[in-house]
Amino acid sequence: MSDSQPILEVHDLEVRFRASRGRVVRAVDGVSLRVGENEALGIIGESGCGKTTTGKTIAQLEKPAAGRIVFRGEDLVTASRARRRELRRGIQFVFQDPQSSLNPRMTIQEIIAEPLRAFGEWRGAASRDRVVELLDQVGLAPAALNRYPHEFSGGQRQRIGIARGLALDPDLLVLDEPVSALDVSIQAQILNLLMDLRSERSLGFVMISHDLEVIRHVTDRVAVMYLGVIVEEGPASEVLENPAHPYTAALASAAPPAGPDERRERIILAGDVPSPLNPPSGCRFRTRCWRADAVCAERRPELESIGTGGRSVACFHPLDLRAGQVAAAGARA
């Protein structure tokens, strides 16, 4: 864990969705997280692992079934409606697809000022000046004010989405795959913009992504999710370069090499991701894990500290961080 003062603490978060025939999807099943002041936490995992649902619930766009979301020392789950509304100003969400998240019938000025209007801060000319200021912070000219989203490129639309997220001066941005819908040539520009904004505004980030290089580049720490639970957490560079959980090792092995001289053996996992309607007993990763044994089917492993530097892993048989077992794992998977 980071030594910085926590701006956000999530304890035993559960999110459930009703499925057909009365069945329940446990999309998030006991997740705990911590984000310090001006810290960037990455959440990674395959599609459907619960990372976006976790982010939306932190930003109060989904309702938790259980758990605590403590922001600035106050629990958003148990706070009164009025107090929760006020606290929500400090947590803003930036959506994955800038095209679908911007209302095509609204001008850019109206889109960015929408949070100001929602919180009673629309003040005519002063509001317009605020929008111009926000556009400047994300690298767009005032000429954008009266134009519509379809008149902009994907990268420009994402800048508009970021400007909207900054309108209420939040302390924490939850970013859901903020560059995955963009061309590779534009991704670096948006990531550099986010890093600059974080430095200038002392922002905290929760960055959700399946792209390990994005997480490595932008975040301080990373939490690895699989089927609704966190299986590993720690400093981003350490976790991604020297994973302790077999699932993290498989994710890291699938990432493109960092350079032409890097050699990486791919770990091919057996089978498919189980259905969240009927997850495996015990360890949820055991049906695809080459290290699983009987105990993995009997008990669910808890996140436990390993080594130094805030590393933790939920695994009965973690990889030896000293022995370089990741490379050998590919041959056994």
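A pocket is an open set of grid points with protein on both sides within 12 Å along at least five of seven lines, and its lining residues have an atom within 4 Å of a point. Keep that definition at hand for what follows.

**Confidence**

This is a predicted model. The mean pLDDT of the protein is 90. A pLDDT of 70 or more is reached by 93% of the residues. One stretch needs care: over residues 324-333, pLDDT stays under 50. The model has 20 contacts beyond four places in sequence for residues 324-333. Where pLDDT is low, the predicted coordinates should not be read in detail.

**The largest pocket**

How many residues line the largest pocket? The lining has 18 residues. Nearest the centre of the pocket lie A59, L61, R88, Q92 and F119. Helix α2 supplies the largest share, with 4 residues. The volume of the largest pocket is about 500 Å³. Its lining has 9 nonpolar, 3 polar and 6 charged residues.

**Cavities**

The model has 2 cavities of 30 Å³ or more. The largest cavity is lined by H245, P246, C283, F285, R286, C289, R291, A292, C296, C315 and H317. The second largest cavity has another set of names around it: E46, S47, G48, C49, Y226, L227, Y247 and V273. The table sets out volumes and lining classes.

| Space | Volume | Lining by class |
|---|---|---|
| Largest pocket | about 500 Å³ | 9 nonpolar, 3 polar, 6 charged |
| Largest cavity | about 60 Å³ | 7 nonpolar, 2 polar, 2 charged |
| Second largest cavity | about 40 Å³ | 5 nonpolar, 2 polar, 1 charged |

**Helix α1**

Is helix α1, residues 51-58, mostly covered or mostly open? Helix α1 is mostly covered, with 6 of its 8 residues buried. Here, buried means under 20% relative accessible area. The buried residues of α1 are K51, T53, T54, G55, T57 and I58. Just after α1 comes Q60, which takes a positive phi of about 70 degrees.

**Looking again**

Go back to the structure and find A59, L61, R88, Q92 and F119, which lie nearest the centre of the largest pocket. Last, find residues 324-333, where pLDDT stays under 50.

Key
Residues are numbered from 1 along each chain as its sequence is written. This is a predicted model: local features need pLDDT of at least 70, side-chain atom pairs count only at pLDDT 80 or more; totals for chains, interfaces and linings use all residues. Side-chain values use heavy atoms; hydrogens and water are left out. Buried means under 20% relative accessible area, exposed over 50%, partly exposed in between (1.4 Å probe, protein chains only). Helices (H or I, at least four residues) and strands (E, at least two) are DSSP runs, numbered from the N terminus. On a 1 Å grid over the protein atoms alone, a cavity is a set of points where a 1.4 Å probe fits but cannot get out, and a pocket is an open set with protein on both sides within 12 Å along at least five of seven lines; lining residues have an atom within 4 Å of a point. Grid points are joined across faces, edges and corners, and a volume is the space filled by probe spheres set on the points. Ala, Val, Leu, Ile, Met, Phe, Trp, Tyr, Cys and Pro count as nonpolar, Asp, Glu, Lys and Arg as charged, and the others, Gly among them, as polar. pLDDT is the predictor's confidence in each residue, from 0 to 100. Contact means heavy atoms within 4.5 Å.
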